[in-house]
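This report describes selected features of one protein structure.

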Amino acid sequence: MSTALSAFSRRRFGQLVLGSGVAAMLPRASFAAVPTQTPLHGLSAFGELKYGPDYAGFDYASPDAPDGGRIRYSVPSWFFNQSVQTFDTLNTFVLRGNAPPRIEKLYDSLMTSSLDEPDSLYCALAESLSISDDRNTYTFRLRPEARFSTGAAVTAEDVAFSYLTIKDKGHPSLVALLRTVADVVAVDAATVKLVFTGRQTPQDALGALGIPIVPKAFFDGRVFDTTDLTEIPGSGLYSVGRFSVGRFIEYERRADYWAKDMPFARGLNHFQTIRIDFFRDRQPALEAFKKGEIDFREEFTTRSWATEYDFPAVKDKRVVKTEFALDKLPRFQCWALNQRRERFRDVRVRRAINLCFDFEWTNANLLFGLRTHSDSCFEGSDFKATGTPSPEELAILGPLRGSIPDEVFGPVWVQPVSDGSGSDRKLLREASQLFAAAGWKQGPGGLVNGKGEVFRLEFMINGQEQSRVYGKFFDTLRRLGIDASFRLVDEAQYQDRQSNFDYDMILAAFGFTATQTKSGLDLFFGSSSRDSPGSYNFPGMADKGVDALIDKVGAATTRADMTTAMRCLDRVLRARLDWLPNINGGARRVAYWDMFGFKEKPDYGFPVESLWWFDVDRAKAIGRA
């Protein structure tokens, strides 16, 4: 099963952006205990800092590994307006256009995250920060060494321009991070202040500290949200090299990178060339890997993993087929039924549709028994609720009684288990009863409402694999009288229709961070994002009870309080089924040509282009040097 979807990560944006923190001077001190008016090397949402002010580098980095060589692959994750099928712009900061994945590697930010902590950021472009006594102003002192690829110094004006312009014209995901930023002020060339509204939580504030910085001078006479193939200079390690639109793009390691010996960058990003290849479908990408035209592949299609990795290079061990542990992060793969269309607003309809998917049959017959059925939007994490609410959860849920479903106060909703026949009569009878209770009865043309309108459901997809895996599901929907169909569209149309909520149903897969923020949760579940083009509120949900729980998560001052509030949110989301949890995998399934070196995978990310390196001896041994 291939997700074939954009993978949004609140954990990192190339280790730059989206919900990280910056770490306090003392480990395991609460955020409230972080000293004010004191230069800091970082912060964390809950004070859980691993690295001290004099750290030499991250433990998962490899400072002794060789630099050079290249990696060629089709990426397993991407962000914002990026696409793995094609690209038509090098501007990834806006909603329009399709940008190439890993373009974020061109840009540094004030802070950068570590991959072996759940929520920490450390100074990058900034050499220190301090917090005002009222905790509403963060003052950054920029490193004097910091330079853009143009050779120009990174100044406070560049920082202020980047923040204010992205807040005004940026991609909705970036705009959401800056919603509590009131102003950004360049005090002098090396000092910049981020001024917050006073309504921010620590998580909100820290989430705003990883915005990529671009040079103000570059945009003199240019429109920020123009989508063309002009490289926007950054201060990061890589710049754009060769590219061919729709085929490939190469990122080249800069010899003059200003931060190569800085602790936050030391021992990372060893490849001289990172090449991203683009494919319209997964099968050509797999064939390219078999031929050695691609070096690394993360496989999401269970059929391929089970049946297509028996080619000669695997048998003679030139290609390694293996599994890595999943990140210690919530995993989300769900269907969205678009409630902007009236027929999907009744929860009974959503439950009925969910009952028509026979996971047990699908897993046994199409997925080689390699998947599990998800119950939650936060699968594999401590945020997933179990059993009945705890006393701590009831303290949060009790005041919301009447604005949240009554079943939230009982055992948490779990997926039905079918008899595995592909046509479980008990579940289908229940589905029919739910449709009838919601006003949909059998008529001459199928399932119709009181107006005689036929129930139609179009599943928008951008790859054939989904029609194979869910074909039986749609056969069942049609048996119940639904006019159910797949609509295969190209990547550009998919991106446009998704951004503008023009669909009945889509499948979405995302990665969440270990620390949740109000702004991040709002993008997926909050009323404020329902009508915001480019948000991830694909179902179009808007519920005051859910909003109240998101506020509770954002206001949490300890990890325990955040986890409790998240479990409450999980209970409500599962009772409402705005998002229909779908399928989950138990490992990262990876194959690669055996010419790379690497250390043990860190807990909170797997960016092979940053962590691995080219091993000349291994490459020679398999004839690939």
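Which residues of helix 7 (residues 347-355) are buried?

## Helix 7 and its cover

The model is predicted. In helix 7, the buried residues are Val-349, Arg-350, Ala-352, Ile-353, Asn-354 and Leu-355. The elements that cover these buried residues include three helices, namely helix 10 (425-437), helix 12 (471-479) and helix 16 (559-576). Strand 14 (331-337), strand 18 (456-461) and strand 21 (579-581) are also among the cover.

## Nonpolar cores

In soluble globular proteins, nonpolar side chains tend to be buried together. Here the largest nonpolar core has 154 residues. Those with the most contacts inside this core are Tyr-138, Phe-140, Phe-264, Phe-525, Phe-538, Trp-579 and Trp-612. Helix 16 gives the most to this core, with eight residues.

Leaving aside residues up to four places away in sequence, the contacts of Trp-579 include Phe-332, Trp-335, Phe-524, Phe-525, Tyr-536 and Phe-538. Cys-334, Cys-377, Pro-539 and Met-541 are also among the residues that Trp-579 touches.

## Strand 23

Why is strand 23 (residues 588-593) described as largely enclosed by the rest of the structure? Six of its six residues are buried, so the description applies. In a regular strand the side chains alternate between the two faces of the sheet. In strand 23, Arg-588, Val-590 and Tyr-592 point one way, whereas Arg-589, Ala-591 and Trp-593 point the other way. All of these residues are buried.

Strand 23 pairs with strand 12 (residues 296-298) in the antiparallel sense, over three bridges; Glu-298 has Val-590 as its bridge partner. Strand 13 (residues 319-324) also runs antiparallel to strand 23, and six bridges join the two. Here Phe-324 has Arg-588 as its bridge partner.

## Surface patch

Leu-229, Phe-243 and Val-245 form a nonpolar patch on the surface, and together they have about 220 Å² of accessible area. Leu-229 is in the loop between helix 3 (202-207) and strand 9 (238-244). Because its relative accessibility is 34%, Leu-229 counts as partly exposed.

## Positive phi angles

Phe-80 is not a glycine, yet has a positive phi of about 50°. Phe-80 is placed in the loop between strand 2 (70-73) and strand 3 (111-113), and is buried at a relative accessible area of 5%.

Phe-501, also not a glycine, has a positive phi of about 60°. The loop between helix 13 (491-499) and strand 20 (505-511) holds Phe-501, which is buried with a relative accessible area of 9%.

Technical notes:
Residues are numbered from 1 along each chain as its sequence is written. This is a predicted model: local features need pLDDT of at least 70, side-chain atom pairs count only at pLDDT 80 or more; totals for chains, interfaces and linings use all residues. Side-chain values use heavy atoms; hydrogens and water are left out. Buried means under 20% relative accessible area, exposed over 50%, partly exposed in between (1.4 Å probe, protein chains only). Helices (H or I, at least four residues) and strands (E, at least two) are DSSP runs, numbered from the N terminus. Contact means heavy atoms within 4.5 Å. Patches are made of residues with over 30% relative accessible area and no salt bridge: like charges are joined within 9 Å, nonpolar side chains (Val, Leu, Ile, Met, Phe, Trp, Tyr) within 5 Å. Accessible areas come from the Shrake-Rupley method with a 1.4 Å probe; for residues, only the protein chains shown count as cover. A salt bridge is a side-chain nitrogen of Lys or Arg within 4 Å of a carboxyl oxygen of Asp or Glu. Two strands pair if DSSP finds at least two bridges between them. A nonpolar core is a set of buried Ala, Val, Leu, Ile, Met, Phe, Trp, Tyr and Cys residues joined through side-chain atoms within 4.5 Å.
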